[in-house]
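I opened this entry to go through the model piece by piece. My notes follow in the order in which I looked things up.

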Amino acid sequence: MSTATTNTSPALDPEAMLARARATFDIEGQAVLGLKARVGESFVEAVRRILAVRGRVVVMGMGKSGHVGRKIAATLASTGTPAMFVHPAEASHGDLGMIKAVDLVLAISNSGEVEELTTILPVVKRQGVPLIAMTGRPDSTLAQHADVVLDSGVEKEACPLNLAPTASTTAQMALGDALAVALLDARGFGTEDFARSHPGGALGRKLLTHVSDVMRSGDQVPLATPHANVSELMRAMSPGGCGAAAVVEPDGHATGIFTDGDLRRLIEAGVDLRTARAQDVMHRGPRTIRVDALAVEAAELMEQHGITRLFVVDAQNKIVGALNTNDLMRAKVI
């Protein structure tokens, strides 16, 4: 008869795991907070130089610093600073030709002594390309070649062996984010600019999609005259599934709205539908939205007033379209 055994290895001790996780947070948190005391004139100068660049910021780094560099380049590019990542090892085999005199190099290395990077530094400098170094050793080879040095040094790594890049890469990431945010602010980069560089995202859809992009138009707009009877109102509402009809004057201005809910209430109240006219049963002052408004504004207006549809008007306040929550959902605005 076999007996079950329990693995009591310290490595699988839940308390030990949680203690190591908390220690990691403490160490990496301290690494990031430690940057606050060291950012100064060199950081300001780095921002100034990047703002003055006519080309792109070329970010370089090896190993884990390279992974961080790719993220920094992506963040810069998405927040108004043209940037790209070039691998140092590939640079010495032809990719150095991607770097032009109008560019600026942001080189990242905790030690500042990575051979693949230090090998190409003299070539970069001979091209007259400005060099910003992000390093944990301000006395390193990388720092000595740089025009501006950003100190990303940390007291220790979160790795218990003090070997694996952990706290140092966290500090690099935070310093890169600080650069991107400072540049974003200096450029006056706004939400619409951000949306243009993220057209496929939720924010892009909200800030770039206008009512005119999602509304129903032409024959799909349910319209009726003030003298229309209930049968005519129902025929106007049926196509397109908008669930309402705008009651409009001959000049195109809306004076009211009649919904399928209004029809149910009339039936429940026993109103003689044969004699009723649109002007007698409509709700006056329908909610409308301008054709050039953002679609997200239409969603906010519907939510504010607890309605599910809106009619769209032009600059002269004439009906030119209609939309409901289903239209906004299909456009992924809501």
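**Entry 1: a parallel pair.** I began with β3 and strand β4 (residues 131-135), which pair in the parallel sense over 5 bridges. Two strands are taken to pair if DSSP finds at least two bridges between them. The helices (H or I, at least four residues) and strands (E, at least two) are DSSP runs, numbered from the N terminus. I noted two positions along this pair: Val105 stands opposite Leu131 in β4, and the bridge partner of Leu106 in β4 is Ile132.

**Entry 2: what I am reading.** The model is predicted, so local features need pLDDT of at least 70 and side-chain atom pairs count only at pLDDT 80 or more, while totals for chains, interfaces and linings use all residues. Residues are numbered from 1 along each chain as its sequence is written, and side-chain values use heavy atoms, with hydrogens and water left out. I looked up the confidence next; pLDDT is the predictor's confidence in each residue, from 0 to 100. The chain has a mean pLDDT of 87, and 91% of its residues reach 70 or more. Contact here means heavy atoms within 4.5 Å. Where pLDDT is low, the predicted coordinates should not be read in detail.

Entry 3: Which other strand pairs with β3 in the parallel sense? I found strand β1 (residues 57-61), joined to β3 over 5 bridges. Within this pair, Met60 has Ala107 of β3 as its bridge partner. The whole sheet is open, has 5 strands in the order β2-β1-β3-β4-β5, and its pairing is parallel. At the edges stand β2 (83-85) and β5 (148-151), each with a single partner strand, so one side of each is left without a neighbour in the sheet. From one strand to the next, the twist averages 20°. Helix α2 (residues 41-52) packs on the sheet and touches β1, β3, β4 and β5; the direction of α2 makes about 130° with that of β5. For such angles, axes are lines fitted to C-alpha atoms, for helices over the stretch in contact, and the angles run from 0 to 180 degrees between N-to-C directions.

**Entry 4: burial of β3.** Is strand β3 (residues 104-109) enclosed or open? I count it as largely enclosed by the rest of the structure, because 6 of the 6 residues are buried. Buried means under 20% relative accessible area, exposed over 50%, and partly exposed in between (1.4 Å probe, protein chains only). In a regular strand the side chains alternate between the two faces of the sheet. In β3, Leu104, Leu106 and Ile108 lie on one side and Val105, Ala107 and Ser109 on the other, and both faces are covered.

**Entry 5: the other sheet I checked.** An open sheet of 3 strands has the order β10-β11-β12 and mixed pairing. Its edge strands, β10 (288-290) and β12 (319-324), each pair on one side only. The twist averages 35° from one strand to the next. β10 runs parallel to strand β11 (residues 309-313), with 3 bridges between them, and Ile289 has Val312 of β11 as its bridge partner. Helix α15 (residues 295-305) lies across β10, β11 and β12, at about 130° to β11. I listed the buried residues of α15 as Ala295, Val296, Ala298, Ala299, Leu301 and Met302. Just after α15, Gly306 takes a positive phi of about 65°.

**Entry 6: helix α12.** In α12 (residues 230-237), the buried residues include Val230, Leu233, Ala236 and Met237. They cover an arc of only 120° around the axis, which puts them on the same side of α12; the arc is that of the directions from the helix axis to the C-beta atoms. Among the elements covering them are β7 (244-248), β8 (254-259) and α13 (260-269).

**Entry 7: two asparagines.** Most residues other than glycine have a negative phi. I noted Asn162, with a positive phi near 60°, in the loop between β5 and α8 (167-187). Asn317 has a positive phi of about 65° and sits in the loop between β11 and β12. Asn162 counts as partly exposed at 43% relative accessibility, and Asn317 is partly exposed with a relative accessible area of 43%.
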